[in-house]
Amino acid sequence: MRTGFTGQLLNYLRFRVNCKRRGGYGIHSPYVYSLYTETLNADFKNNQVFEKIEQYRKDLRRCGLSIVRQRLGDNPENGFPGDKVKLARIARNVSVPPHLGRLLFRLCSRFSPETIVELGTSVGISTMYMAAANPNSKVYTIEGEESILGIARNRFRQMGFTNIEPIAGNFDVQLPELTKRISTIDFAFIDGDHNGRALLQNFNRMLPRVADTSVLVIDDIRWSPGMEAAWKQICSNPKVTISIDLFRCGILFFRTGIAKQHFLLRFGPY
């Protein structure tokens with residue numbers, strides 16, 4: 001969401017005018033009402049896994065170590081190729097916030113996906129939230145910055161996550177290779193290459209592996225006008241039957257036999 005302060009404010013005001021009230025009031029779809037009240041807007045109580053993941057975030061924010069960027073980040077403030085960037089800045093600016101991490105955990109707990117694909121590992125916070133929800137799942141996470149992925153990979157080992165397969169490389173190379181190895185993408189979290197063209201490409205690469213029960217979460221749908229346009233185009237795809245706009249992120253469902261519906265729902269700080 002980097003359209004400037006005025007753009008963000010206008011976006012949020014439009015969202016608040018059109019979104020449903022908290023508590024599920026006005027949601028006429030029984031499926032979405034159940035999802036919202038029991039998962040999206042449920043009480044996000046702490047547990048030991050959450051505490052361990054958030055302790056890792058705190059450790060990174062206090063860390064004085066830096067890495068050398070190997071490619072241009074989504075936000076130039078996070079460094080250009082060859083720049084040294086502190087891990088603390090990456091943990092602060094790039095990693096998903098706690099409320100979104102817990103949302104990923106709750107969604108994966110509800111739907112029990114066997115195969116999870118993540119685009120944009122960063123330091124691995126979102127990856128661990130998804131992997132912790134279902135130890136029997138397999139999480140494939142792709143990251144273009146090998147130095148950052150190395151940090152995440154070490155923490156996965158330290159915390160005992162054996163169901164995560166980190167993959168280093170660009171999405172446009174690694175995602176097509178991954179889709180050759182897996183038959184279905186049960187759950188996906190797209191959080192990298194924050195531009196509309198790349199988002200559409202990655203969505204279309206995943207689409208042949210999407211099933212009736214698949215769930216896709218896209219972060220930063222209001223990052224830029226291009227991302228907003230891509231999100232709207234994705235929601236209009238005939239295979240998408242339910243789309244949920246949570247202001248920062250969006251959730252897509254592909255369930256057949258139901259009427260196409262789009263919802264704006266309040267979640268977290270929004």
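In this predicted model, the largest nonpolar core has 50 residues, and the members that touch the most others are Leu40, Phe187, Ile244, Leu246 and Ile251. The element that gives the most to this core is helix 6, which spans residues 125–133 and supplies 7 residues. Apart from this core lies another one, made of 30 residues, including Ile142, Ile167, Leu207 and Leu216.

Ile244 shows what the contacts of one such core member look like.

Helix 10, residues 225–235, contains Met227. Met227 counts as buried because its relative accessibility is 2%, and the cut-off for buried is under 20%. Neighbours within four places in sequence aside, Met227 is in contact with His194, Asn195, Gly196 and Leu199, and also with Asp219, Asp220 and Ile221. One of these contacts, Asn195, is 32 residues from Met227 in sequence, yet their C-alpha atoms are 5.5 Å apart in space.

Leu13 belongs to helix 1, which covers residues 4–18. With a relative accessible area of 44%, Leu13 is partly exposed, because that value falls between the 20% limit for buried and the 50% limit for exposed. Together with Leu9 and Leu10, Leu13 makes a nonpolar surface patch of about 260 Å².

Key. Residues are numbered from 1 along each chain as its sequence is written. This is a predicted model: local features need pLDDT of at least 70, side-chain atom pairs count only at pLDDT 80 or more; totals for chains, interfaces and linings use all residues. Side-chain values use heavy atoms; hydrogens and water are left out. Patches are made of residues with over 30% relative accessible area and no salt bridge: like charges are joined within 9 Å, nonpolar side chains (Val, Leu, Ile, Met, Phe, Trp, Tyr) within 5 Å. Accessible areas come from the Shrake-Rupley method with a 1.4 Å probe; for residues, only the protein chains shown count as cover. A salt bridge is a side-chain nitrogen of Lys or Arg within 4 Å of a carboxyl oxygen of Asp or Glu. Helices (H or I, at least four residues) and strands (E, at least two) are DSSP runs, numbered from the N terminus. Buried means under 20% relative accessible area, exposed over 50%, partly exposed in between (1.4 Å probe, protein chains only). A nonpolar core is a set of buried Ala, Val, Leu, Ile, Met, Phe, Trp, Tyr and Cys residues joined through side-chain atoms within 4.5 Å. Contact means heavy atoms within 4.5 Å.
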